[in-house]
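Colleague: I'm new to this one, could you walk me through it?
Modeller: Gladly, let me bring it up first.

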Amino acid sequence: MPTRSTASTPIDETPEWQALLAHHAAVRDTHLRDLFAADPERATRFTADGAGLFLDFSKHRITDETVELLLDVARVAGVEERRTAMFAGLHINATEDRAVLHTALRLPASDTLRVDDQDVAHDVHEVLDRMAAFALDVRNGAWTGSTGKRIRNVINIGIGGSDLGPAMATQALVHFSERSMRFRFVSNIDGTDIRDATADLDPQETLFIVASKTFTTLETLTNARTARDWLLAGLGAGDSAVARHFVAVSTNAEQVAAFGIDTANMFGFWDWVGGRYSMDSAIGLSLMVAIGPDDFREMLAGFRAMDEHFLRTPFERNLPVLMGLLGIWYGNVFGYQTHAVLPYSQELARFPAYLQQLDMESNGKSVRLDGTRVTYDTGPIVWGTAGTNGQHAYYQLLHQGTRIVPADLIGFVNATTEVGEHQDLLMANLFAQAEALAFGRTREEVQAAGVPKHQVNARVFEGNRPTSVILADRLTPRVLGTLVALYEHKVFVQGVIWGIDSFDQWGVELGKVLATTIAGELLAEDAPVATDHDPSTSALIARYRAQRVRPGG
């Protein structure tokens with residue numbers, strides 16, 4: 001059993017890491033065809049179940065020894081100890097000196113968890129109860145707009161974690177949604193976004209949920225002000241109408257009140273909830289209105305089931321640990337830089353975009369917890385779309401390109417809505433793609449198929465492309481929560497191994513600060529361009545101002 005490394009020891013300087021590299025040199029050229037030929041039982045041995053999800057990781061370029069060496073890396077990196085610290089509410093977000101407690105958002109109401117002398121479980125359920133009462137009022141018509149009309153349109157205005165999570169989940173759970181209502185999400189500061197979201201709506205029947213912890217986020221507040229102008233113009237009403245058509249998810253009561261929102265309709269969350277981990281907090285208010293409080297709580301139960309699996313299951317059967325370690329194996333040892341997430345579910349079309357923030361904002365770091373620079377690659381580039389669309393776009397590169405892209409293929413045994421033979425054909429494609437990526441087609445097989453000689457080279461598939469297959473019975477609120485928590489904890493495992501802070505996001509800040517300065521220069525056309533810009537930026541600002549034609553100008 002390896003001993004835990006200290007925080008000052010980078011993972012690539014440990015004996016366990018060196019053993020992994022030596023092993024890689026011995027197995028890196030072994031093909032999956034040969035691994036399966038030598039060990040057909042790997043098809044059942046390299047699988048794991050947890051919280052209603054099934055993981056087949058047999059089509060990875062690994063052996064039993066690979067798994068053991070990777071588990072040694074996880075242990076020596078202190079994954080177990082840091083996991084315990086996170087669930088206990090210790091301040092593992094080092095640069096901001098904060099607890100990391102998105103897991104508390106799904107604690108049962110009967111639990112108690114004290115952090116910094118506060119019972120956070122009690123606080124969470126107090127907000128959940130308020131959310132539930134509001135959501136029910138909107139859904140049953142008790143909450144009306146300023147003219148007494150029932151609310152039929154809900155628009156969430158946010159960005160980043162205040163948009164990606166609830167937008168993804170609302171689409172994923174569309175078959176559990178109140179279908180007499182429309183739910184839309186506005187995030188981009190491009191005016192087209194808010195214009196198109198409101199273009200065909202009746203202001204009398206529209207409710208806006210403005211999601212911004214500080215209520216100062218540039219994109220969100222700009223869109224919220226435009227929405228308020230649209231509402232008041234459409235109603236022909238004064239500012240008092242705002243209170244019946246806007247609610248806030250925020251902690252800044254002063255700014256919320258200044259906007260015209262009644263602070264009684266402000267739903268808060270806490271600094272121990274990072275934005276990308278917040279869809280199961282008050283940030284999910286739009287989702288709760290869509291699917292109702294009961295199904296929202298079912299989703300929380302799914303999150304909690306995976307939390308329990310991650311917390312209590314031995315590493316060798318622990319889904320987030322195994323997936324995190326496979327990512328380390330390919331990203332750091334093989335040097336593959338991207339990771340594809342390919343859900344064979346139209347409802348999960350926005351899931352890869354959600355995971356982009358979860359993974360890349362969490363682990364796109366180059367400084368370790370002790371302040372030293374990392375000497376190895378961290379967060380992968382995450383991308384993907386819903387199958388089978390991707391098969392007719394970029395799968396050519398996955399199968400025959402020069403870059404190897406490890407991938408997760410996610411599927412469901414039963415469709416949420418059965419339509420003819422569609423589900424069987426969809427899943428046939430998932431299984432076929434995993435098989436083709438792993439085993440390919442040899443030159444001999446191509447020739448035996450009678451392919452013209454001049455096409456043989458072009459129609460050989462090397463295979464040996466690694467995939468995980470993740471299966472669940474059906475996409476329900478509970479399963480969605482389980483799936484999201486699986487990736488949350490996978491990201492956590494990798495961050496611990498890399499020795500970085502997965503819960504800050506300073507890289508988001510600099511561009512926002514500079515944009516605020518430049519915005520002032522673009523709006524004040526007569527003012528001189530600041531002299532502290534680089535020559536390229538100064539020239540671009542000058543060119544923009546010279547060519548800008550303003551409305552009415």
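Colleague: What should I keep in mind about the model and the numbering?
Modeller: This is a predicted model, so local features need pLDDT of at least 70 and side-chain atom pairs count only at pLDDT 80 or more, while totals for chains, interfaces and linings use all residues. Residues are numbered from 1 along each chain as its sequence is written, and side-chain values use heavy atoms, with hydrogens and water left out.

Colleague: Ok, sheets then. What is the strand order in the open sheet of five strands?
Modeller: The order is 6-5-7-8-9, with parallel pairing. Strands (E, at least two residues) and helices (H or I, at least four) are DSSP runs numbered from the N terminus, and two strands pair if DSSP finds at least two bridges between them.

Colleague: And which strands stand at the edges there?
Modeller: Strand 6 (182-186) and strand 9 (266-267) do, and each has a single partner strand, so one side of each is left without a neighbour in the sheet. Strand 9 pairs in the parallel sense with strand 8 (residues 246-249) over two bridges, and Met266 in strand 9 is the bridge partner of Ala248.

Colleague: Which helix packs on that sheet?
Modeller: Helix 9 (residues 218-235) does, touching strand 5 (153-157), strand 6, strand 7 (206-211) and strand 8, and its direction makes about 160° with that of strand 7. Contact here means heavy atoms within 4.5 Å, and the angles run from 0 to 180 degrees between N-to-C directions, with axes fitted as lines to C-alpha atoms, for helices over the stretch in contact.

Colleague: What about Asn265, where is that found?
Modeller: Asn265 is in the loop between helix 11 (253-259) and strand 9. Leaving aside neighbours within four places in sequence, Asn265 is in contact with Trp143, Ala243, Val247 and Ala248.

Colleague: Is Asn265 buried or exposed?
Modeller: Asn265 counts as buried, at 14% relative accessibility; buried means under 20% relative accessible area, exposed over 50% and partly exposed in between, with a 1.4 Å probe and protein chains only.

Colleague: Now the sheet with six strands, what order do they take?
Modeller: The six strands form an open sheet in the order 1-2-13-12-10-11, and the pairing is mixed. Its edge strands are strand 1 (47-50) and strand 11 (381-383), each of which pairs on one side only. Strand 11 pairs with strand 10 (residues 338-343) in the parallel sense over three bridges, and there Trp383 is the bridge partner of Ala340.

Colleague: Which strands does helix 19 touch on that sheet?
Modeller: Helix 19 touches strand 2 (53-56), strand 10, strand 12 and strand 13, with its direction at about 165° to that of strand 12. Helix 17 (residues 422-439) lies across strand 12 (407-412) and strand 13 (467-472), running at about 155° to strand 12.

Colleague: Switching to the inside, which residues touch the most other members of the largest nonpolar core?
Modeller: They are Trp272, Phe351, Leu480 and Tyr487, in a core of 119 residues. Helix 19 (residues 477-498) gives the most to this core, with 13 residues. By nonpolar core I mean a set of buried Ala, Val, Leu, Ile, Met, Phe, Trp, Tyr and Cys residues joined through side-chain atoms within 4.5 Å.

Colleague: And what does Tyr487 touch?
Modeller: Not counting residues up to four places away in sequence, Tyr487 touches Met323, Val341, Phe351, Leu355, Leu358, Asp408, Ile410 and Ile470. Apart from this core lies another, of 23 residues, including Val186, Phe208, Leu221 and Leu232.

Colleague: Is Asp117 buried or exposed?
Modeller: Asp117 is exposed, with a relative accessible area of 69%, whereas Asn464 is buried, at 9%.
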